[in-house]
Amino acid sequence: LSGPSYFLIDPQHRALNANDRQRDDQLFVSFGGSDQLGVVDRLLPGLQKISDRLSVHLIVGAGHPGAIPQSAGLKISKGLPPREFALGLRKSRMVLTGAGNTLFERAYHGTPGLCVSQSTHQETIGIAFERLGTTGYIGRGDQISLDFLVQSVIALWDDDDARRLQRQSCAALEIQRGCDAIVDAVRGLT
């Protein structure tokens, strides 16, 4: 039971109900709790530029060392409780994430977006998910240019058809069914 359909989703994501489907008109941004390559600080000027045009909610890990100046269109949260994080992924119009666990969780919720990698392993996942049509992979977070980041986010934000196709591709993964299959297999071992 391996591959992108077989990923154990945190119960907080699975516990959301149908009422939690209403989309917020925001870009939800998270590069994970550890941010191995310092992607937040490196890409912050691009995110600030994006926030001049649209609402951006940036989630940084609780251990992020610095204070990040907020602006009118840029909300910053240092960590979120799991349920709030799950709601942010599900309800946002679009997301920008790392290409690790959060990418799987985003696909589970069917939220379109872009991803950047923070390691060779994540690069492999980002490229694989892009081939599946569930995300746009825009490169390593420590290497992409700020202009490319801004252009990529705005292009997908403005492309209703591309976002719809990503939602359809995410639904085709059937992550919940794969997650259930893993749980059933483990229970069958006893």
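The sheet comes first: six strands form an open sheet, ordered β3-β2-β1-β4-β5-β6, with parallel pairing. Strands count as DSSP E runs of at least two residues and helices as H or I runs of at least four, numbered from the N terminus; two strands pair if DSSP finds at least two bridges between them. This is a predicted model, in which local features need pLDDT of at least 70 and side-chain atom pairs count only at pLDDT 80 or more, while totals for chains, interfaces and linings use all residues. Residues are numbered from 1 along each chain as its sequence is written, and side-chain values use heavy atoms, with hydrogens and water left out.

At the edges lie β3 (74-78) and β6 (136-140), each pairing on one side only. From one strand to the next, the twist averages 20 degrees; axes are lines fitted to C-alpha atoms, for helices over the stretch in contact, and angles run from 0 to 180 degrees between N-to-C directions.

Within the sheet, β4 (residues 92-98) and β5 (residues 113-117) pair in the parallel sense over four bridges. V95 has G113 in β5 as its bridge partner.

Helix α2 packs on the sheet and touches β1 (24-30), β2 (56-60), β3, β4 and β5, contact meaning heavy atoms within 4.5 Å. The direction of α2 makes about 170 degrees with that of β2. Helix α5 (residues 120-131) also packs on the sheet, touching β4, β5 and β6, and its direction makes about 160 degrees with that of β6.

Finally, α2 (residues 39-50) packs with α6 (residues 146-157) at an angle of about 40 degrees, their axes 9 Å apart.
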